[in-house]
Protein chains: 2
Amino acid sequence: MEPVLGFIGKVHSELKRKQDCPLQENEEAPAARLEIFSEYSAGIKDIKKGSQILLLTWLHKADRTVIECVMRNNFTSPKLGVFSTRSPDRPNPIGIHSATVLSVDDRFIEASALVVLDETPLIDLKPVRN
Amino acid sequence: MEPVLGFIGKVHSELKRKQDCPLQENEEAPAARLEIFSEYSAGIKDIKKGSQILLLTWLHKADRTVIECVMRNNFTSPKLGVFSTRSPDRPNPIGIHSATVLSVDDRFIEASALVVLDETPLIDLKPVRN
């Protein structure tokens, strides 16, 4: 099986550029609208208002050559191995985000506070584990 | 950027077949040995004994055509949208697992209780968010 991702949808957000993004979801991130492509929409039929979900995104603007990096834009601290950071710049730039579902309308989900750039591809949704 | 994953390593586990696997990590899962390929080993230099990590795996034996499924092998209950489940059978079969690092030896990490089949490819490691 070839490890090629197929996008299930995309994110619509008012965050248009990297510099618009707060560094963590709890720093005043806006709500976002998740569009699920028609062929996958049966997969969200049991997602309801109030559901706690994990979103997996493909961070399409990332630099995949990064193995060591600085944390949180602190350019004077020593470099860390990238796997000890949440940097979007990493070999496989997959973002994991948790959110609360605010509403669902057909194949669109309104989700709480998300630091995800507009037009970012969605690759998976999972329930938060209880 | 093509959404093709590059494997950063693989899992060595005593779980050799799907039927060996408990359904959740807290149901007596064994420890596992994570092998990181040489070209990515600088990325784990700051992972230490006791670190809490998330592992992302490529569930290479999954059925990617599944959009609706039953939960936890309960074949009499109604089918759920796959994005409301943690089923490995899903369009982009990426597993998310949390573990504690038991030891690190060069490019090998011993990790606590993991329900991951032997030889499963690793695609990312991230710190658990505080």
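Below is a short chat about a predicted two-chain model, chain A and chain B.

Q: Before we start, what should I know about how the model was handled?
A: It is a predicted model, where local features need pLDDT of at least 70, side-chain atom pairs count only at pLDDT 80 or more, and totals for chains, interfaces and linings use all residues. Residues are numbered from 1 along each chain as its sequence is written, chains are lettered from A and ligands numbered from 1 in the order written, and side-chain values use heavy atoms, with hydrogens and water left out.

Q: Thanks! How many residues are in contact between chain B and chain A?
A: 48 residues of chain B touch 48 residues of chain A, contact being heavy atoms within 4.5 Å.

Q: And how much area do they bury between them?
A: About 4500 Å², with 57% of it on carbon and sulfur atoms. Buried area here is the accessible area (1.4 Å probe) that two parts lose on being put together, summed over both.

Q: How many salt bridges are there between chain B and chain A?
A: Four, where a salt bridge is a side-chain nitrogen of Lys or Arg within 4 Å of a carboxyl oxygen of Asp or Glu. Among them, A:R90 and B:D124 meet at 2.9 Å, N to O. Over all chains, the whole structure has 16 salt bridges.

Q: What about B:E68 and A:K45?
A: Their side chains form a salt bridge too, at 3.8 Å, N to O. B:E68 is in strand β4 (residues 68-69) of chain B and A:K45 in the loop between β2 (32-36) and β3 of chain A, so this pair joins two chains. Strands here are DSSP runs of E, at least two residues long, numbered from the N terminus.

Q: Switching to the fold, what do the strands of chain A build?
A: A closed barrel of six strands, in the order β1-β2-β7-β6-β3-β8, with antiparallel pairing. Two strands pair if DSSP finds at least two bridges between them. Neighbouring strands of this sheet are turned by 45° against each other on average, direction ignored; the axes are lines fitted to C-alpha atoms, and angles run from 0 to 180 degrees between N-to-C directions.

Q: How many bridges join β3 and β8 of chain A?
A: Five, between antiparallel strands β3 (residues 52-58) and β8 (residues 121-127). A:L54, for one, has A:K126 in β8(A) as its bridge partner.

Q: And in which order do the strands of chain B close into a barrel?
A: The order is β1-β2-β7-β6-β3-β8, six strands with antiparallel pairing. The twist averages 45° from one strand to the next. Seven bridges link β3(B) and β6(B) in the antiparallel sense, and B:W58 stands opposite B:I94 in β6(B).

Definitions and conventions:
Helices (H or I, at least four residues) and strands (E, at least two) are DSSP runs, numbered from the N terminus.
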